[in-house]
Amino acid sequence: MGIEYLDLFNKSKLFINKGISKRNESDMSEFLLWSSLSLELLGKATLAFVHPSLVVDPNDPKGLLVACGYKSHDDFKTIQAKTVFERLQVHLSIPKFDQKKKDFCMSLANKRNAELHSGLLPFDGLKLDLILPPFWEICLTLLEFQGKKLEEWIGRDEAIRALKIIADRSDTLKTVVESRVEACRIKYREKYKFDQPHIIYDVDDNEELIPCPACNNDAIAFGEFNDKEYERESEDNPWHSVYTYFYNTTEVHCRYCDLKLIGYEEVEIVIEDPVFSKTVEEEADYDYDYGND
């Protein structure tokens, strides 16, 4: 037995459709339980789409051999939910899968664990209008990364319903963010009718100064690492190379008008290009401490 991308995809498909069946029977708690299970499997399928080795526990050498197609058996361990969602965010750097989405996935996984391993009933009483929009949007993001459509996962009719939930949320969020930007613009004009201070920001490696969409002064953009590209050898130092680091903007804070945008979804509403880059010169990191001496 090996690790196959399609096996994980199809199992996630089986679980989400079990959940939809329970939803149609008005059993919302079990719907959410199956949904949480299917989301983790969809995450593992996304990792396996890149390579099956991303799904196995790195401390289990048998699993790595299975993932590489060298062995075939079922005596191996796969990674836990926390590692799945960390790898999706940090290592694959899927643009729309930011910290906010990762936190949502972990919250759902923790509720799933409490449902299965304790006497608690964490899914009882949860508001579906708060759970379903981000859930379907995350599933859509992962499926698009795999080159698949939502209807391939849940069928045409359910996909239409899910896409409408996503669109309704997007429209609401757009209105909320645009209203916030306008309110901060008005606040700025009233606050600095006569004198305007010059604010100095301390900018870290994963941060960049951009024009604030509300007041057009400097605002600080916080980025999550996306990719790194080699540019050239350093002209001044033979041991160094020049790289370009790319970051997805996931937060914007302005100290002039107090505007705050939290999460990639809010940022992309008012920032035309939510990706920024930095060129750095650095020495290659050759780690010779293999731990086998």
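Ala81, Thr83, Val84, Phe85, Arg87, Leu88 and Gln89 are buried in helix α4 (residues 81-91), where buried means under 20% relative accessible area, exposed over 50% and partly exposed in between, with a 1.4 Å probe and protein chains only. This is a predicted model, in which local features need pLDDT of at least 70, side-chain atom pairs count only at pLDDT 80 or more, and totals for chains, interfaces and linings use all residues. Residues are numbered from 1 along each chain as its sequence is written, and side-chain values use heavy atoms, with hydrogens and water left out. Helices (H or I, at least four residues) and strands (E, at least two) are DSSP runs, numbered from the N terminus.

**Helix α4**
- The buried residues of α4 pack against α2, α5, α6 and β2 (218-233), with contact meaning heavy atoms within 4.5 Å.

**Helix α1**
- Helix α1 covers residues 5-24, and its end C-alpha atoms lie 29 Å apart, which agrees with the 28 Å that its 20 residues should span at 1.5 Å a residue; the expected span is 1.5 Å times one less than the number of residues.
- Tyr5, Leu8, Phe9, Ser12, Phe15, Ile16, Gly19, Ile20 and Arg23 are the buried residues here in α1.
- They sit on the same side of α1 because they cover an arc of only 145° around the axis, the arc being that of the directions from the helix axis to the C-beta atoms.
- Cover for the buried residues of α1 includes α2 (28-50), α6, α7 (150-154) and α8 (156-191).
- Ser26 follows α1 and has a positive phi, near 70°.

- Leu41 belongs to helix α2 and is buried, at 12% relative accessible area.
- Leaving out residues up to four places away in sequence, Leu41 touches Leu8, Lys11, Ser12 and Phe15.
- Lys101 lies in helix α5 (residues 99-117), and its relative accessibility of 7% is why Lys101 counts as buried.
- Beyond residues up to four places away in sequence, Lys101 touches Lys96, Glu137, Ile138, Thr141 and Glu265.

**A surface patch**
- Phe49, Val50 and Phe145 make up a nonpolar surface patch with about 240 Å² of accessible area together, computed by the Shrake-Rupley method.
- Patch members have over 30% relative accessible area and no salt bridge, with like charges joined within 9 Å and nonpolar side chains (Val, Leu, Ile, Met, Phe, Trp, Tyr) within 5 Å; a salt bridge is a side-chain nitrogen of Lys or Arg within 4 Å of a carboxyl oxygen of Asp or Glu.
- Phe145, found in helix α6 (residues 128-145), is partly exposed at 31% relative accessible area.

Conventions: Areas by Shrake-Rupley, 256 points an atom, 1.4 Å probe, with all protein chains shown as cover.
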